[in-house]
Amino acid sequence: MSDMGMIIDGGRMAAAASFDVTNPSTGEIVGSAPNATPDDLDKAVSAAKVAFETWSKKSDAELAAACEAVAARIGEHAEELAHLLTKEQGKPLNGLGSRFELGGAQAWAGHTAGLSLPMKVLQDTNEGRIELHRNPVGVVGSITPWNWPVMIAVWHILPAVRTGNTVVIKPSPYTPLSTLRLVEIMNEVLPAGVVNAVASDDQLHNIGAAMAAHPDIRKMVFTGSIATGKRVMMTAAETMKRLTLELGGNDAGIVLPDVDAKQIAEGLFWGGFINNGQTCAAMKRLYVHEDVYDDVCDALVDYARNVTVGDGLDETSVLGPIANQMQFDKVKRLVDDAKTKGRVLLGGEPGEGLYFAPTIIADLSHDDPLVAEEQFGPALPIVKYSDIEEVIALANDSENGLGGSVWSKDTGKAKEIARRLQCGSVWINKHGAIQPNAPFGGVKSSGLGVEFGEEGLAEYTDIQVVYC
Ligand code: NAD
């Protein structure tokens with residue numbers, strides 16, 4: 001059993017109450033997490049506020065070295081964290097699962113350590129010198145979802161501490177244990193209070209909402225659904241917090257008539273089914289030109305039927321169960337509806353417990369709920385199209401604007417279409433491949449601001465201009 005406490009001011013702190021975390025592969029209890037109260041949150045924020053006084057005055061080299069040390073620590077504990085993550089999230093150790101996530105966490109931490117935002121001289125003339133400095137904002141509140149909890153925690157924490165801020169993180173109630181342990185490991189190499197973690201079942205108290213309202217938190221970085229992101233934004237307005245919001249997506253993939261169906265089948269599959277489709281920038285609706293429609297459907301199904309789904313701890317699994325009952329019920333509702341409207345090419349039926357076999361449903365229309373809503377699960381809808389202008393309009397006909405992709409042998413033509421898609425990232429002949437050196441974020445309701453790269457780092461700073 002992995003029972004965890006809060007991590008406040010450098011060490012574990014028990015909460016008065018706790019809640020159980022279950023393994024979606026088996027339904028067994030993995031361990032217990034502390035159920036924080038608003039008083040506990042105050043303690044964590046106070047510790048971060050005190051630590052900020054010293055941390056914010058560290059030199060750039062000291063901050064970079066601390067982030068390097070964190071990256072190394074993640075690497076040393078990768079296997080332990082991967083097992084804990086698999087047990088609470090359900091994703092397999094192998095494939096694009098927990099070990100892949102830990103590899104990403106270490107890579108992102110290392111890359112962030114190497115970034116910096118040096119002072120810029122805007123003017124240096126007889127009329128005067130003007131310098132642009134970037135100051136840390138203070139205590140950063142981080143709220144994370146359950147799909148990639150360890151990697152997203154690193155995406156929030158590392159740029160914050162790299163720029164001299166301190167952090168209080170609150171993971172999802174479904175996957176708190178790996179984050180609490182990650183933060184405990186970070187505290188082996190960081191001064192007390194720089195990174196703190198609380199957890200909440202969202203029922204005893206809504207600690208996420210309390211963070212967004214907290215007067216001593218100066219910035220919120222939130223990754224989760226559009227609905228909750230809007231609530232965070234409204235609550236944070238009262239104290240004029242800085243915001244980075246990474247929200248939901250309903251990414252379209254557009255397949256042009258010149259593709260070789262067999263060649264793109266693997267990329268299409270993993271674009272849609274990475275982490276069982278529970279990925280913000282997964283391909284969530286696929287539009288295929290009528291000339292290659294049957295070939296693409298056949299090739300995709302041929303690839304998908306050979307994918308091994310099973311218990312995450314089984315080394316042969318490359319996909320696990322859906323991560324929790326709430327998400328399972330949503331996927332089942334959307335699939336049940338789609339079965340009455342389209343043609344099931346693969347899957348369509350739930351398995352035991354939270355298992356749901358990869359499901360591909362063709363002949364759907366743009367307005368069918370499986371196409372129009374973010375399913376966030378292992379069910380990909382396919383829509384046939386004949387006119388490129390029409391399909392671009394359909395892809396853009398969404399409040400979401402996270403990612404998109406275009407698939408073609410003619411990469412020049414694909415790029416022209418890609419540039420017309422209203423989304424923050426767009427890929428050609430792949431989908432969802434993000435990198436630490438490229439800014440990532442959504443347009444429209446998919447979010448506000450970006451993460452990664454210098455642009456992402458800058459979001460953890462306020463500009464101060466000095467007129468010398
Ligand atoms: P969610 O919005 O239900 O929960 C996210 C977090 O918000 C959790 O930690 C939850 O406890 C907390 N929370 C709940 N109520 C709150 C409130 N009133 N105020 C503040 N916080 C509150 O999302 P989820 O189901 O955990 O995650 C899935 C969603 O996240 C999907 O829509 C997915 O697309 C999105 N997502 C986006 C990105 C991205 O980078 N754009 C990445 C991963 C996931």
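Predicted model: local features only at pLDDT ≥ 70, side-chain atom pairs only at ≥ 80, totals over all residues.
## The shell around the ligand

The ligand is surrounded by 30 residues. Asp 202, Ser 225, Thr 228, Leu 247 and Glu 374 are the closest of them. By type, the shell holds 14 nonpolar, 11 polar and 5 charged residues.

Three elements each give at least two residues to this shell: the helix α7 (207-213), the strand β10 (219-223) and the helix α8 (226-237). The largest share, 3 residues, is supplied by α8.

Thr 228 has a side-chain N or O atom 2.8 Å from an oxygen atom of the ligand. In Gly 224 the backbone takes part instead: one of its N or O atoms is 3.2 Å from a ligand oxygen. A nitrogen atom of the ligand lies 3.5 Å from an N or O atom in the side chain of Asn 206.

On its own, the ligand has 860 Å² of accessible area, and the protein covers 91% of this.

## His 289

His 289 belongs to strand β13, which runs over residues 283-289. Is this residue buried or exposed? The relative accessibility of His 289 is 9%; buried means under 20%, so His 289 counts as buried.

The side chain of His 289 reaches the backbone oxygen of Ser 386 at a distance of 3.2 Å. Leaving aside residues up to four places away in sequence, His 289 touches Val 255, Leu 256, Pro 257, Tyr 385 and Ser 386.

Technical notes:
Residues numbered from 1 in each chain as written. Heavy atoms only, no water. Near = heavy atom within 4 Å. Polar contact = N/O pair within 3.5 Å; in protein donor to acceptor, adjacent residues only side chain to side chain. Areas by Shrake-Rupley, 256 points an atom, 1.4 Å probe, with all protein chains shown as cover. Helix = DSSP H or I, 4+ residues; strand = E, 2+ residues; numbered from the N terminus. Nonpolar A, V, L, I, M, F, W, Y, C, P; charged D, E, K, R; others polar. Buried < 20%, exposed > 50% of the residue type's maximum accessible area, 1.4 Å probe, protein only. Contact = heavy atoms within 4.5 Å.
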